[in-house]
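Biologist: I would like to learn how to read a structure such as this one, feature by feature. Could we take a single residue to begin with, and then move on to helices and strands?

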Amino acid sequence: GFTVVRVGERAAADLARETSAVLDHCLAAPDLDVFGTIRTPDNRYDVKAALTPKLRAVLADLAADLPWLAAAPVTQLSAVHSDPGAPLQTPHSDTCFIRDDAPRLYTALVALTPVSPEKGPTAVWPGTHGADFHALSDADRLARLRDGRQLAICPLKPGEGILFDARLFHRGGRNATAADRRSLLSVSLQAGGGDAASPAAHAGTTDSIFAAYRDKYRLGDFAAAEA
C-alpha cells in the first residue's frame, strides 16, 4: 500500500521556509480559502500551496521519481504543518474503498523539514487499503489496527517521503517538541482514468487545492516545465 519517494533535499528545505512563512502570515491574518480541512486540527494545519518556482522545483523532482504517474491529474496540493502540541491523530484513510476498477488516488507526503520520532512522524498500517479491511465495522477496524503491524515512517531528511494508496489507514503523530514545526508537502494524484472531479474518484478527501488548479495539471506537466 505504500512506497518510498525522494526529491532534492535543498529544494525541499527551500520550500519548507516558503510554506512555513505562508502559514505564519495566514495565522496572523486568517484567510479561510487558504486552509483545507484536516483531521485532529489542534496545532495542525493544511495550507493550500501556490505554484511558486520553489514548489515547481519539488514537483519536477517528484515527477522524475514517479514516471508511471506522469499522466495522473493532481487533485490535491498543500503543505501540512504540525506545530508543537499537535496531538496524535486517530487512524484513518483519506478515501474509502469503492470498487477494484474505480479511479485510484495516491498521496505523496514529502518531508520538507527533518522528521524525528519526537516530531510525530506519519504511521501506516500495511495491507489496510483493500476491500476486506474496509468492509469491517468501525469497531472491528480499530481492533485490527490496535493488533496490527504499525510502521512509523521516520526518521526522514528533507526530500524523503512516502507515496501511499489513499485507502491505506495511517495517522500523523504527536509533535512532542518544544519549538519545532514538522512540515510536509502533500500531493494527491489520480490514477486509472475517469473524471477527476467525480466523488467516486476520491470520496473522503479534503480537496486541499486552490480552485484555479483543479482539473488543470498532471504530474508530468511539471517535469516538462522544468526540462
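Biologist: In which helix does Arg 141 lie, and is Arg 141 buried or exposed?

Modeller: In this model, which is a predicted one, Arg 141 belongs to helix α4, which covers residues 138-147. Its relative accessible area is 16%, and because a residue counts as buried under 20%, Arg 141 is classed as buried.

Biologist: Which residues does Arg 141 touch, if those up to four places away in sequence are not counted?

Modeller: With those sequence neighbours set aside, the contacts of Arg 141 are Phe 133, His 134, Leu 136 and Phe 169.

Biologist: How should I read the packing of two helices, and what are the values for α1 and α2?

Modeller: One describes a packed pair by the angle between the two axes and by the distance that separates those axes. Here α1 (residues 9-28) and α2 (residues 53-65) pack at about 145°, their axes being 9 Å apart, and the crossing is left-handed. On the α1 side the contact is made by Ala 11, Ala 12, Asp 14, Leu 15 and Glu 18, while α2 contributes Lys 54, Leu 55, Val 58 and Asp 61. Sorted by class, this contact has five nonpolar and four charged residues, and no polar ones.

Biologist: Which residues of α2 are buried, and what span should its 13 residues have?

Modeller: The buried residues of α2 are Leu 55, Val 58, Leu 59, Ala 60, Leu 62 and Ala 63. At 1.5 Å a residue the helix should span 18 Å, and the C-alpha atoms at the ends of α2 are 19 Å apart, which agrees.

Biologist: Turning to strands, in which sense does β4 pair with β3 and with β10?

Modeller: Strands in a sheet are paired through backbone hydrogen bonds, in either a parallel or an antiparallel sense. Strand β4 (residues 74-82) pairs antiparallel with β3 (residues 44-48) over five bridges, Arg 44 standing opposite Ser 82, and antiparallel with β10 (residues 182-191) over eight bridges, where Leu 77 faces Val 187. Strand β4 is also mostly covered, since nine of its nine residues are buried.

Biologist: What is the strand order in the open sheet of three strands, and which strands stand at its edges?

Modeller: The order is β7-β6-β9, with antiparallel pairing. Strands β7 (151-152) and β9 (170-171) are the edges, and each has a single partner strand, so one side of each lacks a neighbour in the sheet. Between β6 (residues 123-124) and β9 there are two bridges, and Val 124 has His 170 of β9 as its bridge partner.

Conventions: Residues are numbered from 1 along each chain as its sequence is written. This is a predicted model: local features need pLDDT of at least 70, side-chain atom pairs count only at pLDDT 80 or more; totals for chains, interfaces and linings use all residues. Side-chain values use heavy atoms; hydrogens and water are left out. Axes are lines fitted to C-alpha atoms, for helices over the stretch in contact, and angles run from 0 to 180 degrees between N-to-C directions. Helices (H or I, at least four residues) and strands (E, at least two) are DSSP runs, numbered from the N terminus. A crossing is left-handed if the near helix is turned anticlockwise from the far one by less than a right angle, and right-handed if clockwise. Contact means heavy atoms within 4.5 Å. Ala, Val, Leu, Ile, Met, Phe, Trp, Tyr, Cys and Pro count as nonpolar, Asp, Glu, Lys and Arg as charged, and the others, Gly among them, as polar. The expected span of a helix is 1.5 Å times one less than its number of residues. Buried means under 20% relative accessible area, exposed over 50%, partly exposed in between (1.4 Å probe, protein chains only). Two strands pair if DSSP finds at least two bridges between them.
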